[in-house]
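Take a look at the fold shown here. We will start with its sheet, move to a helix beside it, and finish with charged side chains.

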Amino acid sequence: MVVFYHISHPILYITDILQYYYKNFNPQNFGILFSSQKIIFNTKTAKTTIFQKKNTKKTILKIIGIVVVIILIILAIPIIAFWSIFKELFVLKALNDNFDDVNFTPERGFEESFINKIGMLDTADRYHSNDLFSAKYKGIDFQQADIHTKERYEDNEGHVSYITRFKGRYMIFEFNKKFKANIRVTSKDFSSASLPWRKKFHEVKMEDVEFNKCFKVYAENEHDAFYILTPHFMEKLKELDNKFDADLLFGFVDNKLHIAVDNYEDSFEHNVFEEINEASIENEIIKDIKLITDFVKELNLENDLFGKEV
């Protein structure tokens with residue numbers, strides 16, 4: 001049974017963080033000195049001096065530019081602090097309360113080279129991944145991270161844009177025992193452009209007619225698909241398909257179960273410009289945690305479902 005945490009910290013507002021930094025902001029801390037004759041911007045690595053020239057448009061533009069930079073720095077400080085507080089105090093605490101052996105590095109993700117090597121998803125023309133963490137749930141080791149891929153598009157007039165191909169969660173679950181099967185199961189609507197292996201595998205039709213309406217099955221060996229996808233397991237996949245408003249991809253690779261959830265969401269995030277209260281934080285993080293735990297529980301990953309080698 002999952003025990004969800006209760007936040008003991010006082011209610012936080014982004015406006016409170018802004019007010020704190022505005023109140024305590026000291027320009028000299030950033031090497032910015034003001035005088036009636038000149039403006040000096042000084043850092044450890046560079047020193048730039050702009051002498052004021054009266055009644056010149058160039059000087060006015062420079063001053064405006066410096067002021068804009070200062071304002072952006074002032075605004076960025078509390079926002080960065082907000083993200084740090086949210087990840088460290090709330091997300092990390094929730095993960096530790098629900099999982100064992102947590103290692104959370106929100107600024108990192110799955111390396112693009114790693115995803116390409118696995119071959120489950122096409123990383124497209126632009127690739128980004130973050131919120132990587134590993135942990136253990138019900139004795140099952142797993143990893144998860146957010147992945148966002150974009151495809152380059154150029155219209156007839158030469159205008160270039162990037163269109164999202166995949167945005168969601170990527171999870172990797174360990175099993176207690178080994179298997180040799182190499183199969184893929186995708187939702188019917190999962191973007192085929194994101195599946196680089198599709199032409200290398202054989203499509204397999206299962207005996208469950210309703211299952212075939214929801215999913216496509218691909219395997220290197222048809223026998224492997226029928227062995228892994230038992231009637232009970234297919235029922236569980238159908239339940240998950242009905243439960244999540246997302247396209248799903250399951251892959252059995254190197255004794256691990258890979259799951260991609262294309263739900264167009266970023267996990268463990270909160271809008272920096274919205275109020276933060278205890279209820280909203282709990283709802284957001286519980287939802288993201290449950291996505292992981294639901295797969296473990298619904299698919300019975302902690303038992304010997306894959307106990308026999310195939």
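**From sheet to salt bridges**

This is a predicted model.

Zoom in on one pair. Strand β8 spans residues 183–187, and strand β10 spans residues 215–219. The two pair in the antiparallel sense over five bridges. At one point Ile 183 stands opposite Ala 219 in β10.

Next come the charges. Side chains of opposite charge can pair when their charged atoms come close. How many salt bridges does a search of the whole structure find? The search finds 17.

One of them joins Arg 169 and Asp 288, with the closest N and O atoms 3.8 Å apart. Arg 169 is in strand β7 (residues 160–174), while Asp 288 is in helix α7 (residues 278–298). The pair links distant parts of the chain, 119 residues apart. Are these two partners buried or exposed? Arg 169 is buried, because its relative accessible area is 2%, under the 20% cut-off. Asp 288 is buried too, at 8%.

Stay in helix α7 and look at Asp 294. Asp 294 forms a salt bridge with Lys 243, and the closest N and O atoms are 3.0 Å apart. Lys 243 belongs to helix α6 and Asp 294 to helix α7, so this pair ties together parts that are 51 residues apart in sequence. Asp 294 counts as buried, with 5% relative accessibility. Lys 243 is partly exposed, with a relative accessible area of 43%.

Asp 294 also forms a salt bridge with Lys 290, where the closest N and O atoms are 3.6 Å apart. Both residues lie in helix α7. They are four residues apart, about one turn of the helix. Lys 290 is partly exposed, at 31% relative accessible area. Which residues end up in one network? Salt bridges that share partners join Lys 243, Lys 290, Asp 294 and Glu 298.

Technical notes
Residues are numbered from 1 along each chain as its sequence is written. This is a predicted model: local features need pLDDT of at least 70, side-chain atom pairs count only at pLDDT 80 or more; totals for chains, interfaces and linings use all residues. Side-chain values use heavy atoms; hydrogens and water are left out. Two strands pair if DSSP finds at least two bridges between them. A salt bridge is a side-chain nitrogen of Lys or Arg within 4 Å of a carboxyl oxygen of Asp or Glu. Buried means under 20% relative accessible area, exposed over 50%, partly exposed in between (1.4 Å probe, protein chains only).
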